[in-house]
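Subject: Model for your review

Hello,

Here is the model I promised to pass on. Please have a look before reading my notes.

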Amino acid sequence: MGFETSDDAAILEVGGPQNLVQTVDFFGPVVDDPFLYGQIAAANALSDIYAMGGTPFSALNILAYPQCLELRQVEGILRGGLEKLTEAEVVLGGGHSITSNELFYGLSVTGWVNPENITRNSSAHIGDHLIITKPIGSGVVINAIQAGLAELDHEALHYMCTLNKTAAQIMVEIGVHACTDITGFGLIGHCVELAKGGAHRVNLIWGEVPIFQGALPWAEMGLVPSGTYKNRDYFQKDVHLTDITEPEEDLLFDPQTSGGLLIAVSKSKANRLVTCLGNAGVMARTIGYIDQGTPSVHVRR
Amino acid sequence: MSSVINAVGLACPKPVILAKRSLESAIKVEILVDNDIAVRNLEKLARSLGKAFEVHQDGQNQRVLISTTGEDRGPLPSILSESVVMITTELFGEGDPKLGAILMRSFLYALAETEGYPGQLILINGGVRLIENTEALESLEKLNEQGTKILACGTCLDFFDLKDKFTIGEVTNMYEICTIMKEKPVSVI
């Protein structure tokens, strides 16, 4: 794929009809429940393969944990990971763990992708519609859970555990121009990647962007992750916001964990994509479009 | 009652969580933090609670003060009601325009004379033009002095070229107006 644009995974030609696709991802605990944490970390790691239009088939665990952590908690995390791998029909080939002052869990994942179906994040076309498959605001929700203002049954956690598998399969069947998954850079950061990768202008309509329940008032209250500020500092020179309030801006830059797919699809196929995703039980919302212009992201109400 | 919190070394969102919990029983909270992000998030917390916010350098750290003094209106005094009045026109009612103008001035006069003043008064579309009328403006100023928060739609002020003339309250937008309509009883004129 080259290093000039930043894609979600590495693609390797290995001879044969399919290409190999590889990715790795790990992070600290986002929730106190070990089983949930394991599931979210696994869904997050698998997501990069799906975002490339690929199918994961093998994974290895990566675990670093403090010695004071109880064995059943460590076991809970790994069981959570295995739960998602089983759902994704991915073989867990082993892994590596070390003791450490801090807790980290994630996976290295390998998959196959048909070279004709690779969905880069640099290939959006002018006129494409932008579709998202999960709401945003998970960074703020995670903080709200820590603050005791939200519970572990909040819808955001369900979404974080949801694989992007079905969404990816449908996107490949229908044929789209570009895709990335929305994770640490936030919706806006990933849109900047899309814009710069294709040298186009990305336009978002705030009113269409799905937000998790409670995320806006929690952002207003200051439950904003430090990653939001880093994202804003890094990306703001390429972003133009019109009539967007401060908490709304915070949500646009909010770092996502195991977020949805951001898909650029031709105008003529957009309705069919949204309908097919909906029929398969995947939330799908058109949040903007691509047009000609300086590679940048413009957001209006 | 006030409380002092040492949040040095605590990662976000801990400082905000501790401050918020304290503010449930203390009217003033002092929090020591060691990073700029905590300061910015605490400022958002203060604003969302309608409280005053100050920050001072304290060696390597920053001392944040959140309190109910300063611009904070506190709980509504009893002379103000929870109700919101939204004025969308210069003329009160349909029928005769001259009568409409007289009625609007009387309405604003009466509104500003009796206790139970609206907590907020929103001017939108033709309503923003009332600030050009001396008598109406007097009543609006009186309401403002009693504590009524006067809000005028920014788009409308721009449209009528009145942005510079609007000095008795705050400029608002449709998003805020919708939020107010969802939370409070609104009477629309």
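This is a predicted model: local features need pLDDT of at least 70, side-chain atom pairs count only at pLDDT 80 or more; totals for chains, interfaces and linings use all residues.

Residues are numbered from 1 along each chain as its sequence is written, chains are lettered from A and ligands numbered from 1 in the order in which they are written, and side-chain values use heavy atoms, with hydrogens and water left out.

The interface

Chain B brings 14 residues to the contact and chain A brings 20 (contact: heavy atoms within 4.5 Å). About 1,500 Å² is buried between them, 56% of it from carbon and sulfur atoms (accessible area, 1.4 Å probe, lost by two parts on being put together, summed over both). B:Pro13, B:Lys44 and B:Tyr175 supply 37% of what chain B buries against chain A, more than any other three residues.

Three salt bridges link chain B and chain A (side-chain nitrogen of Lys or Arg within 4 Å of a carboxyl oxygen of Asp or Glu). In one salt bridge, B:Lys44 meets A:Glu246 at 2.8 Å, N to O.

B:Thr172

What is the relative accessibility of B:Thr172? The value is 4%, so B:Thr172 counts as buried (under 20% relative accessible area, 1.4 Å probe, protein chains only). Not counting residues up to four places away in sequence, B:Thr172 touches B:Leu151, B:Ala152, B:Cys153, B:Gly154 and B:Ile177.

Best wishes

Note on methods: Buried means under 20% relative accessible area, exposed over 50%, partly exposed in between (1.4 Å probe, protein chains only).
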